[in-house]
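Visitor: I would like to learn how to read a fold from its elements. Could you take me through one example?

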Amino acid sequence: MTLLDTDLDDVPAPQGQLTLKLLASRQDTNVYGDISGGWLVNQMDQAAELAAGREAGGRTATVAIEAMDFLSPVRVGSMVSVYTQLQEVGHSSMKIDVEVWVRALHEQHLDERQKVTEARFVMVALDDNGRIRAVHD
């Protein structure tokens, strides 16, 4: 089956902008040898902060993470790509959708990737003193 034989809507693809790309290493594993969920959340938080900081033009902080499901484990050596998409901008807050996709270490097809988790991060813009400020001054 070729790409022409499939409906493009049936081919899953990341939503948003590639914000972080890194290699999952042994130091990031849990006791079972899989990449820790906490490590993934940390990478997602960093990506959300980068996306929010671009929009707010400065410092931001995470105030909430909405429903997160882990769809499959991440293996050591996987290439981890974190995508972000700004969904909503309020007076001082932003909602950013974050998706994590992986490509296995020895995957022969470079475009073969799998979504492993997603969540919506709620971020606020901060001033130099750490107080909440308007996103767009």
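Guide: We go from the overall fold to the sheet, the helix and a few residues.

Visitor: What should I know about the source and numbering?

Guide: This is a predicted model, where local features need pLDDT of at least 70, side-chain atom pairs count only at pLDDT 80 or more, and totals for chains, interfaces and linings use all residues. Residues are numbered from 1 along each chain as its sequence is written, and side-chain values use heavy atoms, with hydrogens and water left out.

Visitor: How many helices and strands does the chain have, and in what pattern?

Guide: Elements are DSSP runs numbered from the N terminus: helices are H or I with at least four residues, strands are E with at least two. Here the chain has 1 helix and 5 strands. Along the sequence the pattern reads β-α-β-β-β-β.

Visitor: In what order do the strands form the sheet?

Guide: Strands of a sheet pair through backbone hydrogen bonds, either parallel or antiparallel. Two strands count as paired if DSSP finds at least two bridges between them. In this model 5 strands form an open sheet, ordered β1-β3-β4-β5-β2, with antiparallel pairing. The edge strands are β1 (17–23) and β2 (60–70), and each pairs on one side only. Neighbouring strands are turned by 25° against each other on average, direction ignored. For such angles, axes are lines fitted to C-alpha atoms (for helices, over the stretch in contact), and the angles run from 0 to 180 degrees between N-to-C directions.

Visitor: Which residues stand opposite each other in the pairs with β4?

Guide: Take β4 and β5 to begin with. Strand β4 (residues 93–103) joins strand β5 (residues 114–125) through 10 bridges, and the two run antiparallel. Val98 stands opposite Ala119 in β5, and Trp101 stands opposite Lys115 in β5. On to β3 and β4. They pair in the antiparallel sense over 10 bridges and form a hairpin with 3 residues between them. Glu88 stands opposite Lys95 in β4.

Visitor: Where does α1 lie, and which of its residues are buried?

Guide: Helix α1 covers residues 37–56. Its 20 residues reach 28 Å from first C-alpha to last, close to the 28 Å expected at 1.5 Å a residue. That expected span is 1.5 Å times one less than the number of residues. Buried means under 20% relative accessible area, exposed over 50%, and partly exposed in between (1.4 Å probe, protein chains only). The buried residues of α1 are Trp39, Leu40, Gln43, Met44, Ala47, Ala48, Ala51, Ala52, Gly53 and Ala56. Their cover includes β1, β2, β3, β4 and β5.

Visitor: Is Arg54 buried or partly exposed, and what does it touch?

Guide: Contact means heavy atoms within 4.5 Å. Arg54 lies in α1. It is partly exposed, because its relative accessible area is 48%. Not counting residues up to four places away in sequence, Arg54 touches Gln17, Thr19 and Thr84.

Visitor: How do Ser81 and Ala64 read, buried or partly exposed?

Guide: Ser81 is found in strand β3. A relative accessible area of 10% makes Ser81 buried. Leaving aside neighbours within four places in sequence, Ser81 contacts Leu18, Leu20, Lys21, Glu99, Val100 and Trp101. Ala64 is found in strand β2. At 29% relative accessible area, Ala64 is partly exposed. Ala64 and Phe121 are 57 residues apart in sequence, yet 5.9 Å apart in space, C-alpha to C-alpha. With neighbours within four places in sequence left aside, Ala64 is in contact with Arg120, Phe121 and Val122.

Visitor: Which side chain makes a polar contact with Asp34?

Guide: A polar contact is a pair of N or O atoms within 3.5 Å; within protein, one must be able to donate a hydrogen and the other to accept it, and residues adjacent in sequence count only if both atoms are side-chain atoms. The side chains of Asp34 and Arg75 are joined by a polar contact of 2.4 Å. Asp34 sits in the loop between β1 and α1. Asp34 counts as buried, because its relative accessibility is 18%.
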